[in-house]
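Okay, thanks for coming, everyone.

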Amino acid sequence: MFLPVPDLFGEIEPGVAEVVPFDGGARAYSYSVPAALKDTLQVGQLVRVPLGGRTSLGVVWKYPAEAPPAAKLRSIILLEHEQPVLTPDVCKLAEWMAGYYGCGLNSVLETVLPAAVRKGVRPVLRRLLTLIAPPDAEALAKLRRKAPRQAQVLDYLAAQKEPADRAKLVTGLGISQQAVDGLLRAGVIKEDASVLWRVAYNDPFAEAESVPAAGHTLNVDQLAAVASVSQSLDSKAFKAHLLHGVTGSGKTEVYVALIRKVVAEGGSAIFLVPEVALTPQTVGRLRSRLTDLGAKVVVWHSHLSAGERFDAWMAMSLGQARVVVGARSAVFAPLPNLRLIVVDEEHEPSFKQGETPMYHGRDVAVMRASVLGAACVLGSATPSLETWKNATAGRYVLNSMPKRVDDRPMPAFRIVDMRREVLHSKGQNVLSRELVDGIHERLRKGEQAILFLNRRGHSRSLVCPDCGEAVQCPRCSVSLTLHSTDHTARCHLCDHREPAPAVCPKCRSPKVRWKGYGTQKVEEVIHRMFPRARVARIDADTMGKKDLFRKVLSDFRAGRYDMLLGTQMIAKGLDFPRVTLVGIIDADLSLQLPDFRAAERTFQLLTQVAGRAGRGTLEGAVVVQTFQPASDPVQFAKRLDFQGFAAAELIKRSEFGYPPERHLIRHVFRGRNVEKVNFVADAWVKELERLHPGLAEIRGPAPCPFERVQDQHRVHIWYFVHGVKSFLAAALPLRAKILGDDDVIDVLDVDAQDCG
Ligand code: ADP
Ligand code: ZN
Ligand code: ZN
């Protein structure tokens with residue numbers, strides 16, 4: 001029999017805890033635990049610890065922990081408050097993130113924890129009193145004689161619609177705590193602890209578009225998907241599912257059914273969406289479908305104030321809210337007994353964070369579920385090839401919903417070859433004849449249309465025929481876009497603005513011409529051609545305020561507009577039954593991206609935008625304008641053939657070893673001095689190859705597609721690797737050696753989505 005040999009130094013000692021201090025804690029440090037905290041200290045609690053010559057707040061990371069050999073430990077100074085701010089699984093998750101994305105634990109925690117939590121704000125605990133049942137008249141009369149104070153409390157509570165704050169009641173009525181305690185003991189009233197629910201008061205989604213509260217009877221495909229995930233939930237073991245359902249197949253109903261199951265069984269759930277502000281319908285639908293279970297739904301989005309964020313966080317931590325709908329950082333929600341994470345539109349690039357830690361919300365969701373032994377459901381009509389490969393290789397369970405609900409037909413695609421269209425066009429060549437006819441027909445029938453163009457502004461670039469120059473931003477290597485509203489030329493990278501030049505800034509030629517078009521110009525064309533049509537334009541320029549976005553959408557739903565014209569803001573998740581025509585004005589835009597995912601992105605966009613048509617009982621049509629009608633994304637999208645597209649694209653990817661064949665890490669170097677940037681990037685590659693030959697397949701250094709942004713020169717290196725962690729472990733130590741000063745900054749982007 002194997003007997004463990006006692007190890008003096010490695011032994012788990014109850015008196016030692018590991019803590020990650022927020023100020024400068026790239027890792028966890030060991031501290032001794034004061035006697036008073038020994039029995040109660042918990043992982044995830046907030047403590048104050050000494051750090052160098054000062055003190056810092058931090059999170060208990062491991063307890064009990066091993067004492068490091070022969071170290072004299074400093075002691076935890078105090079416990080900030082009892083309520084843990086992190087769940088133990090998120091501590092594990094954060095550790096995985098630090099290793100996988102190559103950054104310090106403190107930078108991960110900065111993303112994970114709301115600022116107010118990190119600053120040690122204490123939750124304001126309120127005790128709320130409610131009447132259990134109205135007392136009968138006789139008992140009340142008796143009480144009035146024997147204990148008038150208590151009767152007063154009951155009268156007060158009977159007059160309230162909401163539970164009453166105990167502290168306010170006691171001071172307001174001028175009664176003793178004992179009087180309240182007596183009533184509690186008698187079982188006439190009850191008390192609940194609650195943190196302030198500011199979120200509920202300020203919630204912009206409180207009156208989210210009203211959507212029917214009743215659920216639908218699930219169809220066969222929906223039932224099969226629900227059954228499959230339910231089985232995973234019941235097994236209490238980790239499982240990831242891909243819910244691949246065509247647009248309009250009713251994926252949301254599946255999520256709702258699963259969340260209801262989890263909540264009914266006492267668990268909690270996270271529902272991630274690409275951007276909450278753009279999916280108000282989903283929030284409304286979820287809310288209305290969970291109210292009967294008494295489950296509070298927190299909406300987690302970028303417009304919450306610091307206080308609202310804090311309240312929402314604590315409400316989840318205390319188990320008062322059991323469901324959260326939110327953008328990527330909701331994946332860290334401190335929900336106890338978390339059993340399900342749903343990632344809707346899992347293919348969306350916005351799940352990737354653009355700054356350190358550059359994590360992918362979808363991948364972190366899968367990881368968190370695996371840490372917990374929970375279920376993760378990734379849903380999409382156009383899954384990312386990474387996820388598709390996982391599903392077809394059997395690592396994820398594949399649940400398919402190949403048909404729209406009620407057997408509604410998929411929209412019919414019409415491909416317009418713009419090369420021929422331009423030859424025949426008289427005047428404008430923004431809208432093809434086919435699209436113009438389609439719009440006329442919708443207007444006549446009183447149906448609605450959506451026009452999609454993923455470029456805001458009026459004209460794309462100012463070109464000089466004399467010197468051949470396109471006018472660029474003074475600080476970035478991109479053309480300036482004309483905005484007709486204030487006649488400015490603007491940079492879409494850094495937002496530089498200048499009055500639109502009338503002559504070529506280089507050779508002073510007056511022959512300069514604006515070329516290309518954006519949503520503003522399309523709007524002009526529509527007004528000219530369809531003067532009576534009511535058009536709403538939705539892009540980053542018109543939708544400064546998010547409430548405005550919701551207002552326009554609900555006006556559109558109510559039929560106060562005939563047409564919606566917009567950028568990718570209208571591509572996702574919108575469900576308007578009266579839309580029967582979708583026009584994609586320039587399908588080639590995303591094909592021109594300097595990105596190995598260009599074909600995938602184009603296919604996704606075409607399929608998703610087209611999916612907005614014919615969702616009600618009226619049949620829908622899609623008109624796609626393109627100069628590349630024969631390209632794969634256009635052809636496969638037209639045939640509604642995701643699997644065919646994925647198979648063809650995966651072959652191309654594996655030929656060159658692109659993801660999902662291997663992981664791709666992008667390493668960007670930037671700085672003001674172009675020579676220095678080049679020098680450092682060159683030195684880095686040479687040293688990496690010398691120290692670790694064959695560690696990765698390396699491409700570059702090469703200038704980034706956006707070579708210059710805000711006066712910073714940018715160069716990148718690409719690493720193709722099979723194992724991310726082993727690559728980073730070898731490469732990261734080079735930083736100290738090569739990146740001496742601050743003149744050149746480097747950023748490592750693991751599983752990069754952005755190639756610009
Ligand atoms: P997806 O997210 O797959 O594109 P949605 O979940 O938005 O699809 O559902 C599309 C529409 O079908 C919604 O209006 C929804 O209310 C409706 N719907 C969903 N499930 C059913 C069902 N079983 N029977 C009838 N209508 C349904
Ligand atoms: Zn010129
Ligand atoms: Zn710029």
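**A walk through the model**

Let's start with Val 377: at 1% relative accessibility, Val 377 counts as buried, where buried means under 20% relative accessible area, exposed over 50% and partly exposed in between, with a 1.4 Å probe and protein chains only. Before I go on, a word on ground rules. This is a predicted model, where local features need pLDDT of at least 70, side-chain atom pairs count only at pLDDT 80 or more, and totals for chains, interfaces and linings use all residues. Residues are numbered from 1 along each chain as its sequence is written, chains are lettered from A and ligands numbered from 1 in the order in which they are written, and side-chain values use heavy atoms, with hydrogens and water left out.

Back to Val 377, then. Val 377 sits in strand 16; strands, by the way, are DSSP runs of E with at least two residues, helices are runs of H or I with at least four, and both are numbered from the N terminus. What does Val 377 touch? Not counting residues up to four places away in sequence, the list is Val 229, His 241, Leu 243, Tyr 255, Leu 258, Leu 340, Ile 341, Val 342 and Val 343, where contact means heavy atoms within 4.5 Å. The C-alpha atom of Val 377 is also 5.9 Å from that of Leu 242, even though these two are 135 residues apart along the chain.

So what's around strand 16? It belongs to an open sheet of seven strands, in the order 13-14-12-15-16-11-17, with parallel pairing. Two strands pair if DSSP finds at least two bridges between them. Strand 13 (296-300) and strand 17 (397-401) are at the edges with a single partner strand each, so one side of each has no neighbour in the sheet. On average, neighbouring strands of this sheet are turned by 20 degrees against each other, direction ignored. For angles, axes are lines fitted to C-alpha atoms, for helices over the stretch in contact, and the angles run from 0 to 180 degrees between N-to-C directions.

Strand 16 (residues 375-380) and strand 11 (residues 239-245) pair in the parallel sense over six bridges. There, His 244 stands opposite Ser 380 of strand 16. Helix 10 (residues 251-264) packs on the sheet, and the strands it touches include strand 11, strand 16 and strand 17. The direction of helix 10 makes about 170 degrees with that of strand 15 (338-344). Helix 13 (residues 361-372) lies across strand 12, strand 15 and strand 16, at about 160 degrees to strand 15.

Okay, on to the metals. Which residues coordinate the zinc ion (ligand 2)? They're Cys 464, Cys 467, Cys 504 and Cys 507, each through SG, at 2.3 to 2.4 Å. Donors here are N, O and S atoms within 2.8 Å of the metal (3.2 Å for Na, K and Ca), and water is not among the atoms, so sites may look incomplete. The four donor atoms subtend angles of 106 to 115 degrees, which makes the arrangement tetrahedral; four donors count as that if all angles lie between 85 and 135 degrees. In sequence, the spacing is C-x2-C-x36-C-x2-C. Cys 467 is in the loop between strand 20 (461-463) and strand 21 (481-483), and Cys 507 is in the loop between strand 23 (497-499) and strand 24 (513-515), so the pair ties together parts that are 40 residues apart in sequence. Cys 467 is partly exposed at 33% relative accessibility, and Cys 507 is partly exposed too, at 35%.

Now the zinc ion (ligand 3). Its protein donors are the SG atoms of Cys 473, Cys 476, Cys 491 and Cys 494, lying 2.3 to 2.4 Å from it. This site is tetrahedral, with angles of 106 to 114 degrees, and the donors follow the spacing C-x2-C-x14-C-x2-C. Here Cys 476 is buried at 0%, and Cys 494 counts as buried at 14%.

Last stop, helix 17 (residues 519-529). Its buried residues include Val 522, Val 525 and Ile 526. What covers the buried residues of helix 17? The cover includes strand 19 (448-452), strand 21, strand 25 (535-538) and strand 26 (563-566).

Key
Four donors count as tetrahedral if all angles lie between 85 and 135 degrees; four count as square planar and six as octahedral if opposite donors are over 155 degrees apart and all others between 65 and 115; anything else is irregular.
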